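Let's take a friendly walk through this fold, one region at a time. Keep the viewer open as you read.

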Amino acid sequence: MNTTAPIDTLVLMSFGGPEAPEEVVPFLRNVTAGRGIPEERLEEVGEHYYGFGGRSPINDQNKALLSALRAELDRRGIDTPLVWGNRNWEPYLTDEVRAAAEDGRTRFLSIDTSAYSSYSSCRQYREDFAQTIEALRGEGHDVSIEKIRQFYNHPGYAAACSALLKEGLEDFRGQVSRIDAQKHRILFVTHSIPNVMQDASEVATNGYRAQHEELMDHLLQELPEEMRLPAELVYCSRSGSPEVPWLEPDVNDRMEELAAEGITGVVLVPIGFISDHMEVAFDLDTEAKETASELGLAFARVATVGTHPVFVSGLVDLIEERVAQLRGEEVETPVIAGTTPLTPGSGACSIDCCRGRIDRPTVPNW
């Protein structure tokens, strides 16, 4: 069998989500802990989940990804155990790492379910690692946790996004008969973040917004000429105080502006999300779709990468890449053309990268 030594356990690390209506508000309390969000606001946000039976789709999607990763690891002859841990709901990261440590496994490599660099999509996970390491040290377990690099520009992720974009445009063409650059637009959609978080992401990397724009440019260049449309980056899932500036424009606001300009159809590409969890299922498939209907816009939503075989294979490539780096081996770190590798020595994932509002213990990745 192939080995991932010195790593003895792989961890799929994600956000977490409720499994039943009675879990929704407790889950949201975990998500917003320390922010002073009133209970009535949590109930309001909880309505998004209650509309889906009080159950987030993210858990089943993570289980499917876990299964797909296990199958690809087995195909390559890699027998390293693979577990799943979350930040905000069961199974919690600390519990999963503790169980592995009690079984004698102490060196972990995380596969995070976020492709881009920012506080909430990378550094906060590294804070989670530091908290878990400290908690288990207090219980007599000495563990370490590494992670793969952010993968927005890895060829596997990009190729899966490209294939799905072409499929989505074919579906859109079925609605409108002919794709027309004068009448139609591609809207790449990602999770909005506060402007200060965007600024922090630029300290040691090219930044959250720029990473999306780099991948967008690549995906558009990969399209056949007859499928190319004007495109732009828009945002969804803004939260928090309205006085705090977040990245804009909102997807719904932008669709209203485009309709007023004479645009008749939009293709939404959830470039910032790897699966159809709540931000996709509610913000795009429910709210944005309703907005498009009210405006009379033809509407298509491109699929997320989910368990696309090329994406899953790319994640395992990234596991093998990081393991080789930890062994001190010379290793290629492939990226799509025109983008910057997030590799040892680049400054990415240093202690200074993507700092948050409050400085917390953080695991550096290089």
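## Helix 8 and its surroundings

In this predicted model, the buried residues of helix 8 are Tyr208, Gln211, His212, Glu214, Leu215, Met216, His218, Leu219 and Leu220. The helix itself covers residues 208-222, 15 residues in total. From its first C-alpha to its last it reaches 22 Å, close to the 21 Å expected at 1.5 Å a residue.

Leaving aside residues up to four places away in sequence, Phe188 touches Leu165, Met216, Leu219, Leu220, Ala231, Glu232, Leu233, Val234, Val269 and Ile271. Among these contacts, Met216, Leu219 and Leu220 also belong to the buried residues of helix 8.

In what order do the four strands of the open sheet run? The order is 2-1-3-4, and the pairing is parallel. Strand 2 (82-86) and strand 4 (144-147) are the edge strands, each pairing on one side only. From one strand to the next, the twist averages 35°.

Five parallel bridges link strand 1 (residues 9-14) and strand 2. Within this pairing, Leu10 has Leu82 of strand 2 as its bridge partner.

## Helices on the sheet

Helix 4 (residues 93-102) packs on the sheet, where it touches strand 1, strand 2, strand 3 (107-112) and strand 4. Its direction makes about 145° with that of strand 2. Helix 11 (residues 309-326) lies across strand 1, strand 3 and strand 4, and runs at about 145° to strand 3.

Back in helix 4, the buried residues are Leu93, Val97, Ala100 and Ala101. Seen down the helix axis, they fall within an arc of 100°, so they line one face of helix 4. Their cover includes strand 1, strand 2, strand 3, strand 4 and helix 5. Just after helix 4 comes Gly104, with a positive phi of about 95°.

## Backbone details worth a look

Two cis peptide bonds deserve a stop on the tour. One joins Ala5 and Pro6, with omega about 10°, and Pro6 lies in the segment before strand 1. Another runs from Glu90 to Pro91, with omega near -5°; Pro91 sits in the loop between strand 2 and helix 4.

Positive phi also turns up in residues other than glycine. Ser177 has phi near 75° and is found in the loop between helix 6 and strand 5. Cys354 has phi near 55° and lies in the segment after helix 11.

Technical notes: Residues are numbered from 1 along each chain as its sequence is written. This is a predicted model: local features need pLDDT of at least 70, side-chain atom pairs count only at pLDDT 80 or more; totals for chains, interfaces and linings use all residues. Side-chain values use heavy atoms; hydrogens and water are left out. Helices (H or I, at least four residues) and strands (E, at least two) are DSSP runs, numbered from the N terminus. The expected span of a helix is 1.5 Å times one less than its number of residues. Buried means under 20% relative accessible area, exposed over 50%, partly exposed in between (1.4 Å probe, protein chains only). Two strands pair if DSSP finds at least two bridges between them. Axes are lines fitted to C-alpha atoms, for helices over the stretch in contact, and angles run from 0 to 180 degrees between N-to-C directions. Contact means heavy atoms within 4.5 Å. The arc is that of the directions from the helix axis to the C-beta atoms.
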